[in-house]
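Please look at the sequence and the 3D structure below before reading on. The paragraphs after them walk through a few parts in turn.

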Amino acid sequence: MHFLVSALGSAGDVHPFIVISKALQSRGHDVHMIALAPFRERIERAGIAFTPLGTVEDYQRLVGRPEMWRPASGARLLVNELLHQLPEAQGLTAALVRPGATVLVGSTLSWATRLVQERFALPGATIHLSPFVLPSANRPPILPGGVDLARWPAWLVRGMQSGAERLVLDRWIGPPLNRLRRDLRLPPVQHVLSRWMHSPDLVIGAWPAWFAPPQADWPQPIELIDFPLFDEGGAGLDDALRAFLAAGDAPIGITPGSAMAHGQAFFARAIDACASIRKRAVLITPYVDQLPRRLPIGMHHVAWAPFSQLLPRLSALVHHGGIGTSAQALAAGVPQLVVPFAHDQFDNAARLERLGVARALRVLSQDAGWRAALRSLIDNSDVVAAAGRCAAHMASSAAPATAIANRLEQLGRDRLGS
């Protein structure tokens, strides 16, 4: 079989699809990935055929816009960019189809996969990495900015969600999407986010039920399979980082995410909080201009490190709440201080808090709040025990990427007869 895998987003959105693709390759299938241009090197290094969407400059322009990281504007900017790139993405995907052999696999934002699936009547699966993207009135996700509707009656939340989609989302997304559909000789669609973007063949939620229990009003059918983790863990820590780790007590890790280029306030508060409680820290970001020109004693910067190697050696991790980072921290059993900016990060933070492994904090909280939050995590036996339980659950999980590959292979056999 030929699996055409489209994974759009930052590193945390792409890495799980690399390990899923490798699992499919190990079965002898041909696999081709479409992702944003900056991920060429790591995908090809994994031995997977690759076609880029957009350019590196496109990606840097997008993540470099401050409004991408604000609760009110981040989603609008992201979806507008998605719609802008959709004709190109659809064309790239369609050109790679092998009639009678291709199975399509798309991430949440890979709407081109759904268009090509409809055009050519191909088998296809949607894989969501975060439960935030699944609407539910029974247990609504935390909205960007921290808006929590959980205490509202389900009938009222359902009405609000339906009204927002009909009166706002479909009126915004529907016209450009349906213009493209008309050009492709496809009928117009409504309910884009609650229905259309989920493949009717197979929807996989790539997280365990203990992280986000399935809801009866999620798009059906949906199957939950545990987090598929990949971060090039075969690569070791660089010598300077290894020496820093060995030179003292376990430090605190600090990262606002691989795509965040506007984390000056985040780093300033995190560094001050670590210094005030006399803890060393590893600062992880490719955007060095977010950091002070001269780091305090006991602080070490790396542009990147394999989290499977680094996180188990930390006393805590301060991060943005991206689903990829959250899952890696759960696997490492490390306490987490989550400081969300936008998108699904507020919902992920709330779920981590409910598990007892994290504290959540606003980035502009007072310095005293940062210090108190870190103190409540470091050497907290309850948090450490909860983190250990989550790590044990993940360690006992039977190779999630393999399980997802099994399910995708089954879909292909059922639909293609091969």
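The model is a predicted one.

Start with helix 1, which runs over residues 11–25. How far apart should its ends be? At 1.5 Å a residue, the 15 residues of helix 1 should span 21 Å, and the end C-alpha atoms are 21 Å apart, so the two values agree. Helix 1 is mostly covered, with eleven of its 15 residues buried. Among these buried residues are A11, V14, F17, I18 and L24. The partners against which the buried residues of helix 1 pack include strand 1 (2–6), strand 2, helix 2 and helix 15 (400–416). Strand 4 (102–107) and strand 5 (124–128) are also packed against by these residues.

Two of those partners are joined to each other. Strand 1 and strand 2 pair in the parallel sense, over five bridges. Within this pairing, L4 stands opposite H32 in strand 2. Strand 2 is mostly covered, since six of its seven residues are buried.

Now turn to the nonpolar cores. The largest has 118 residues, and the members that touch the most others are W111, I127, I254, W370 and L408. Helix 1 supplies the largest share of this core, eight residues. Apart from this core lies another one of 15 residues, including L245, I284, L317 and A329. I254 can be followed in more detail. Setting aside residues up to four places away in sequence, the residues that I254 touches include F266, F267, A270, I271 and C274. I254 also touches A281, V282, L283, I284, L317 and V318.

Next comes M260, found in the loop between strand 8 (252–254) and helix 9 (264–276). Is M260 buried or exposed? Its relative accessible area is 2%, and buried means under 20%, so M260 counts as buried. Leaving out neighbours within four places in sequence, M260 is in contact with W69, T285, Y287, Q290 and F341. M260 and H320 are 60 residues apart in sequence, and their C-alpha atoms are 9.2 Å apart in space.

The structure holds seven aromatic pairs. One of them is F39 with Y59, an edge-to-face pair with 5.8 Å centre to centre and 80° between the planes. This pair links distant parts of the chain, 20 residues apart: F39 is in the loop between strand 2 (30–36) and helix 2 (40–45), and Y59 is in helix 3 (residues 56–63). F39 and Y59 are both buried. F211 and F227 form another edge-to-face pair, at 5.3 Å centre to centre and 70° between the planes. Here too distant parts of the chain are linked, 16 residues apart: F211 is in the loop between strand 6 (202–205) and strand 7 (222–224), and F227 is in the loop between strand 7 and helix 8 (239–246). F211 counts as buried because its relative accessibility is 3%, and F227 is buried with a relative accessible area of 6%.

Rings also gather in a group: F266, F267, F341 and W370 form one aromatic cluster. Finally, two arginines lie over ring faces. R76 lies over the face of W172, at 4.4 Å from the ring centre, and R280 lies over the face of F244, at 4.2 Å from the ring centre.

How values were computed: Residues numbered from 1 in each chain as written. Predicted model: local features only at pLDDT ≥ 70, side-chain atom pairs only at ≥ 80, totals over all residues. Heavy atoms only, no water. Phe/Tyr/Trp six-rings, centres within 6.5 Å; stacked < 30°, edge-to-face > 60°. Helix = DSSP H or I, 4+ residues; strand = E, 2+ residues; numbered from the N terminus. Buried < 20%, exposed > 50% of the residue type's maximum accessible area, 1.4 Å probe, protein only. Lys NZ or Arg CZ within 6 Å of the ring centre and 35° of its normal. Expected span 1.5 Å × (residues − 1). Contact = heavy atoms within 4.5 Å. Core = buried A, V, L, I, M, F, W, Y, C linked by side-chain atoms within 4.5 Å. Pairing = 2+ DSSP bridges.
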